[in-house]
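Subject: Structure handover

Hi,

Here is the structure I promised to pass on. Have a look at it first, and then read my notes below.

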Amino acid sequence: MLKTHTCGELRLSHVGTQVTLAGWVHRRRDHGALIFIDLRDREGIVQVVVDAEAAPEAHKVAEKARVEYVLQIRGEVRARPEGLQNPNLPTGEIEVAAQEVTILNPAKTPPFYINEDVPVEEALRLKYRYLDLRRERMQRNIILRHHVVTAIREFLNARGFIEIETPLLIKSTPEGARDFIVPSRLHPGKFYALPQSPQQLKQLLMVAGFEKYYQIARCLRDEDLRADRQPEFTQLDLEMSFVEQDDILALIEELYLYLVEKVVPHKRIREIPFPRLTYQEAIARYGTDKPDLRFGMELIDLTDIVAHSAFRVFAQTAAEGGHVKAITVPGAAGYSRKELDALTQHVIPYGAKGLLWMAFRQEGVRSPAAKFLTSGEIQAIRERTAAREGDLVLIIADEPTVVAEALGHLRLEMGQRLGLRDPNELAFAWVVEFPLLEWNEEEGRWQAVHHPFTAPVPEDWTLADTDPGRMRALAHDSVLNGWEVGGGSIRIHRSDEQQRMFQLLGITEEQAQAQFGHLLEAFQYGAPPHGGIALGLDRLVALFADENSIREVIAFPKTSSAQDLMLGAPSPVAEEQLRELHLAVLSLER
RNA sequence: GGGCCCGUGGUGUAGUUGGCUAACAUACCGGCCUGUCAAGCCGGAGAUCGCGGGUUCAAGUCCCGUCGGGCCCGCCA
């Protein structure tokens, strides 16, 4: 080894020890005959003193050193003189008196600050990701991610789970996200697909009798990106045989408690056991199936109060089967007209036509709708919304889905403004009883809300012919602070039921055989009842790391246009490469 | 596919009712300096204002297009 100790580990107890260190120049302070070098390695920073009198050769080398040079330093640990300790550094009570300084490798001036946590344009960070990753924030995040994965393995291994790898080159399926496909050289005109998740494979591992499986699995989906979505991402994928939904939820709940204790012990969990909401409840109370439960400000239904109001927007919405719902924002009655108008911008993107407000001030109610509402109606609204003096009630009247989405997002915005979304609070929750199917307008058929292998609540099979939209799924989503961090279900394990499901989804028997024949056949050889879940590792780590984007917890992420700015991917390939793959690129339109 | 925001020395920003010889901080280079820790002091170099076109006597600033980044809608079983 080129070093005997790490920079970060040295303490008073090492005083008098001869050490050899190796690392990067974090900062250099040149006082002429005395040079201070803050030497950094993964474990921390230590001050090295190079004295021209005591070590003239070393001093000559240190004069040439610059930020991010890679140095090896031989010297002795000594206590810092009284009054010269640095309380901001864990190693601040000691320093290393250099006897020999070696430049292992010089460095160009970096394109941005590595020794300071200051904002840098993200494109530049991504082009020089290897330098960005050298910065403290990214080191912390990537190491945190490692700790999460380690703890997951510890926890599951101790409970009899077996980690099994599944292939990356699999078969394209029609349902779900757009596949990334890989051409086959050996089979002209045929393609593999990269897995959107190991879903079918892990179910087949249950048929194989492994009973408890997990995998830290890479998943790939060719869809547009978001702050919380990358084309490749990582899931903790998990499946168990002979379990009911409660068993899965209980296990994962325990896993979360273990992770928080091991990895982010400074964070508080808001409620244990985790609250469970049905999908219906979540939509009704929070306007979303991934509610942020760190604060209340729930959606309140006013439809019945204003159904026969003289205020036409209300009456008409109610008559057409729409909803009139509100949130109460404490202490916001003083918002100016301009501020109130600006709030509209937070609901327009979700299809709302407008936002109505009622400010309960000392001098009385202020609202654009006040003159159309009776004092009885205003009183009823105030009671229902529990608005006190100084509170602002924000109302949206529209189709139920628009009201839910718009008001749900407005709730998050107002919660943010009021400082109710504390990153050190973890509000885990379960959302259960999702609808099994939803109607796809464009294709004119039912499609699976979760995926086509999800089992319905058994008694709901009777609705299959009459009212499929009302069938409930044995599905569960794991929600944390307003993010969907996981989802799973009890699966169908009988061939006849799986076939019935494909039928419901408008998949012909031939298609089902061609696409899913392996699964249908496997289910005929004694498939155990089974179920599982997959957790979005990137999202979970981002929440643990207080980051708003999963790019901050992925070593080499892609931009929102799905490019790797460091590697320059995607890129063209040689004509010969295409020929081998039996591919031709259609002329690029522009 | 659509909407919004951003792009100015290496980096982060200011300059956007058109008048600029483009400003500030920091980094960088040189000099001085034996106790600093965001070291300090003195000096210096460094920007065709993302790119292309247009309007104008005059464009960093206005218009059109384009490229790159970000956020969102659609999309994401």
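What percentage of the 590 residues of chain A count as buried? The figure is 48%, where buried means under 20% relative accessible area, exposed means over 50%, and partly exposed is in between (1.4 Å probe, protein chains only).

Some ground rules before the rest. This is a predicted model, so local features need pLDDT of at least 70 and side-chain atom pairs count only at pLDDT 80 or more, while totals for chains, interfaces and linings use all residues. Residues are numbered from 1 along each chain as its sequence is written, chains are lettered from A and ligands numbered from 1 in the order in which they are written, and side-chain values use heavy atoms, with hydrogens and water left out.

**The protein overall**

Chain A has 16 helices and 24 strands. These are DSSP runs numbered from the N terminus: helices are H or I with at least four residues, strands are E with at least two. Along the principal axes, the C-alpha atoms of chain A fill a box of roughly 90 × 75 × 55 Å. If you take the contacts (heavy atoms within 4.5 Å) in chain A between residues at least 6 apart in sequence, 68% of them join residues at least 24 apart.

**Around the RNA**

A residue is near a strand or molecule if one of its heavy atoms lies within 4 Å of it. There are 51 residues around RNA strand B, and E95, Y113, G176, E223 and H450 come nearest. By class, this surface has 17 nonpolar, 15 polar and 19 charged residues. Nonpolar here covers Ala, Val, Leu, Ile, Met, Phe, Trp, Tyr, Cys and Pro; charged covers Asp, Glu, Lys and Arg; the others, Gly among them, are polar.

For R78, a polar side-chain atom lies 3.0 Å from a base oxygen. V449 uses its backbone: an N or O atom there lies 3.4 Å from a sugar or linking oxygen of RNA strand B. The elements giving two or more residues to the surface near the RNA are β1 (18-30), β2 (34-41), β3 (44-51) and α2 (122-127).

**Two buried polar residues**

E239 lies in strand β10 (residues 232-241) and is buried, at 0% relative accessibility. Its side chain makes a polar contact with the side chain of R491 at 2.8 Å. A polar contact is a pair of N or O atoms within 3.5 Å; within protein, one must be able to donate a hydrogen and the other to accept it, and residues adjacent in sequence count only if both atoms are side-chain atoms. Leaving out residues up to four places away in sequence, E239 touches a list of residues including F161, K202, Y213, R491 and H530.

Q200 is in helix α5 and is buried too, with a relative accessible area of 15%. The side chains of Q200 and H518 are joined by a polar contact of 2.7 Å. With the sequence neighbours up to four places away set aside, Q200 touches T173, F453, F516, H518 and L519.

**Rings**

How many aromatic pairs are there in the whole structure? A search finds 11. Rings of Phe, Tyr and Trp (its six-membered ring) pair if their centres lie within 6.5 Å; planes under 30 degrees apart count as stacked, over 60 as edge-to-face and the rest as tilted. Y128 and Y130 have ring centres 6.2 Å apart and planes at 75 degrees, so that pair is edge-to-face. Y128 is partly exposed at 23%, and Y130 is partly exposed at 46%. F311 and F314 are also edge-to-face, with 4.8 Å centre to centre and 90 degrees between the planes, and both F311 and F314 are buried. Ring pairs also link Y256, F274 and F428 into a cluster.

Finally, charges over rings: these count if NZ of Lys or CZ of Arg is within 6 Å of the ring centre and within 35 degrees of the ring normal. R159 lies over the face of F155 at 3.6 Å from the ring centre, and R411 lies over the face of F295 at 4.0 Å.

Best wishes
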